[in-house]
Amino acid sequence: MTRRSPRLALGLATVLIVCAASLAAAAPQTMRVDFYHSGNDKEERFSLDRVVVEPLPWPGNPTRSVDATNRGKYFFEIADATTGRVLYSRGFSSIYGEWETTAEAQTMNRTFSESLRFPSVDRRATITVRKRNATNQFVDAWTFSFDPTNKFVEKGVRVPAGALIALHDAGTPEEKLDLLILGDGYTAAERGKFERDARRLTQVLFATSPFRERERDINVWGLVPPATQSGISRPSQGLFRRSPVGATYDAFDSERYILTFENKAFRDLAANAPYDVVEILTNTDTYGGGGIFNLFSTAAASNLWAPYLFIHEFGHHLAGLADEYYTSDVAYLPATDRVEPWEPNVTALKDPSAFKWKDLVTPGTALPTPWPRTEFEEYTREIQARRRTLRAQNRPEADMNVLFREELARDTTLLNTGSHAGRVGAFEGANYEARGYYRPQADCIMFTRDEVGFCAVCRRAIAEIVDLYSAH
Ligand SMILES: [Zn+2]
């Protein structure tokens, strides 16, 4: 006994040391580079703002540090400055990247704040940001090196955002995709409403494939920093708020487009949760939302169509899905030629014998795939005109809901009956263009508000990103 005890004690100590070492290795801090992205439609410039160590450990999957999914208009990589070894990389899109395609960018310069987040580094590192060129290949756009031991690296700051709510706890953040639902425009007295909104939409998420099948791989968190006034800005109605997250309607002068341009406020509040992706819920009832790949998505929580907005916009944000619709008013200028888009769910179909979802095409389906497009376009144009009139007359949201219900009934019937229904093929009309871009199925939540969920190609594209953040 006396001879064995020291060995046992030593054994325990070894186990404890190994545990401590593996814990330390499993949980680096979360580091963030804030920068400014400026320019116009012809030139752009990146400039460093600050480097921050966020209060919580890195929530990403340590076994999937390098991103090979080829999503996003931009891509960043952080490498050891001495050895050149890549430590972390991710594709992303940005507000700047959308803005530079609007008419405004042809007439003026603007600046947007952006951030890069990655597991903390302890020695000099080089960050490279790449951007897609005219043929959608990534080329270097900005490179800089920084020393994480520099005294100006901000540490130990936490901007309060209220108590963290575990809406769906599947396990350790490093092993799960962590979705943060961040409330904006909720007063302290409306905290209960936020919780109800967030729980209701979390249920919608897990009722939707492929999230339903991946429930055990996804955590959902809630934060709601109290607003001094209820609601968010809506400039087209002369309504302005300094809401905590800064969400606003009328982004790029599109009345239904909700974004926040207050990136640093958004990041500092979100840093109170372990998060990989964020959906901003706005305490508003006017129809609206938005979603940018690897930045955030937004949805108006009190609108009748909140379940659709929440899921559709999350598809943009999480998986870089393109809009499959092409008839609604958008702020972007048409692409002059048809380069193959990087988004997984739209194609220019340059070669019908080999394109990105060829393996999912329903056997015996013609490419391109015939569908009743003339009828669809005629009534959709009519509904768009009535929609513009309702907004111009400032009619109540209930009138818009009646119109959208009518559209839903017509879409559901036309797109989900007949020989084209349910097939995977290549349906012309997608990505804001009536001609030259194709979508995978006649109907999908990225195309209409119908209750059809995601098409097979979108489901696969989402599952690939869930895999990137969850270990299973
Ligand atoms: Zn789809």
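The model is a predicted one, in which local features need pLDDT of at least 70, side-chain atom pairs count only at pLDDT 80 or more, and totals for chains, interfaces and linings use all residues. Numbering runs from 1 along each chain as its sequence is written.

Leu 180 also belongs, with Leu 182, Ala 270 and Cys 458, to the residues with the most contacts inside the largest nonpolar core, which has 104 residues. Such a core is a set of buried Ala, Val, Leu, Ile, Met, Phe, Trp, Tyr and Cys residues joined through C-beta atoms within 7 Å; buried means that 20 or more other C-beta atoms lie within 10 Å of a residue's own. Helix α8 (residues 456–469) supplies the largest share of this core, 9 residues. Of the 472 residues in the protein, 42% are buried.

Turning to the overall fold, the protein has 8 helices and 17 strands, assigned as DSSP runs (H or I, at least four residues; E, at least two) and numbered from the N terminus. Among contacts with a separation of 6 or more, 66% join residues 24 or more positions apart. The C-alpha trace spans about 85 × 55 × 50 Å along its principal axes.

Confidence, given as pLDDT from 0 to 100 for each residue, averages 93, and 93% of the residues score at least 70. Over residues 1–24, pLDDT stays under 50, and the model has 0 contacts beyond four places in sequence for them. Where pLDDT is low, the predicted coordinates should not be read in detail.

Definitions and conventions:
A residue is buried if 20 or more other C-beta atoms lie within 10 Å of its own, exposed if 12 or fewer, and partly exposed in between; C-beta atoms are placed from the backbone. pLDDT is the predictor's confidence in each residue, from 0 to 100. Two residues are in contact if their C-beta atoms, placed from the backbone, lie within 7 Å.
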